Amino acid sequence: MLLSRRQTLLGSLALGTVAGTSPAWAAFPDRPIRIVVPFAPGGSYDTTGRLLAEGAAPLLGQPVVVDNRPGAGGVVGAASVARAPADGYTLLLGGLTAQILVQGANASLPFDPMSDFVPVALVAKVPLILVAAKNMNVRSVAELVQAVKAKPGTYDFSSAGTGTSGHIAAQHFANVTGLEVTHVPYRGSAAGLADLLAGRIAFLVDTPSVIGEHIRSGAISGLAVMSDARIPTLPEVPTMKEAGFASVNNLEPWQAIVAPRGTPTEVVARLNAAVNDVTARPEVRARFAAIDLTPMSGSPDQVARFFSEENERWVPIVRAMDMRAG
């Protein structure tokens, strides 16, 4: 959801008016701010987190640091933020995976993904790409489906963790196409990619920032983009719809900044304005475009409504897959 500049400014100005009435938080921030990235370094979340930290620090007048806390498909990092003081100094770079998908992929969680966090700001949409190992000798989605169906139960697919967007998208693809495959979760994208490059994993779904260079080099086969349109950095890779699998199209995760429940409205407003300022900058948008991210924006209230809509859309889908981690 890309919100208009006018909507964003109206939301920020309304909250900013409230912020000006509370002297207790007028000095925020007066010490460094930490953005917890619930995934390992090197992925799209890590890249986004560092861009936000770099851009927001001068605006907030304090250092903004990235703290990678991978594990359990984003649960470890998200749980650490849910337990943090509600003062605006510990934030989570969450989104579709950490706030929505984990609800359907886990039988129990140490936090409530919706009620234990306050939405702060939308950041970006992230495209996903289906890729296959070189030794699968396939050049299209149809060829991959044919190869896997020829040897049911033989092949594995990997992800950055149970409940991540890559896991959900790949499992959805397997379910829709009737593939008998085994999911192998890793602690982040790098390990799974290494096994794909070595030919030990048949296929996976991940972001351009993780797998793009390997597609371009020919080390792995880029089969389809799970978005409505092809992406600029890999124009030769068709969409799932173009590949003949329209029911697996439009699977596009998004990223957002959230804070612990109870964080003061004034603090949320200040952080929201800073994030929106960063993602609106031409140089940041250019860096986003280089890794195929689409900037998003909106007021905290608009972000909250978006979360609710995505929750209603995705949780039933994931729960119907019956792939909870435990």
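Trainee: What should I know before I start?

Mentor: The model is predicted, so local features need pLDDT of at least 70 and side-chain atom pairs count only at pLDDT 80 or more, while totals for chains, interfaces and linings use all residues. Residues are numbered from 1 along each chain as its sequence is written, and side-chain values use heavy atoms, with hydrogens and water left out.

Trainee: OK. How many salt bridges does the structure hold?

Mentor: There are 12 salt bridges. The term means a side-chain nitrogen of Lys or Arg within 4 Å of a carboxyl oxygen of Asp or Glu.

Trainee: Which residue does R261 meet in a salt bridge?

Mentor: R261 pairs with D116, at 3.4 Å from N to O. R261 lies in the loop between β10 (254-260) and α9 (265-280), and D116 in the loop between α4 (96-105) and β4 (117-125), so the pair ties together parts that are 145 residues apart in sequence. Helices (H or I, at least four residues) and strands (E, at least two) are DSSP runs, numbered from the N terminus.

Trainee: And is D116 buried or exposed?

Mentor: D116 is buried, at 16% relative accessibility, whereas R261 is exposed at 55%. Buried means under 20% relative accessible area, exposed over 50%, and partly exposed in between (1.4 Å probe, protein chains only).

Trainee: Which residues are linked with R31 in a network?

Mentor: D30 and D87 are linked with R31 by salt bridges. The side chains of R31 and D30 meet at 3.6 Å, N to O. R31 is partly exposed, at 38% relative accessibility.

Trainee: Switching to strands. In what sense do β5 and β9 pair?

Mentor: Antiparallel: β5 (residues 129-133) and β9 are joined over five bridges. Two strands pair if DSSP finds at least two bridges between them. A133 stands opposite I220 in β9. Five of the six residues in β9 (residues 220-225) are buried.

Trainee: Last topic. Which residues touch the most other members of the largest nonpolar core?

Mentor: Those are L130, L144, F173 and M226, in a core of 70 residues. Helix α11 (residues 300-320) gives the most to this core, with six residues. A nonpolar core is a set of buried Ala, Val, Leu, Ile, Met, Phe, Trp, Tyr and Cys residues joined through side-chain atoms within 4.5 Å.

Trainee: What is M226 in contact with?

Mentor: Leaving aside neighbours within four places in sequence, M226 has contacts that include L128, L130, F173 and M240. Contact means heavy atoms within 4.5 Å.
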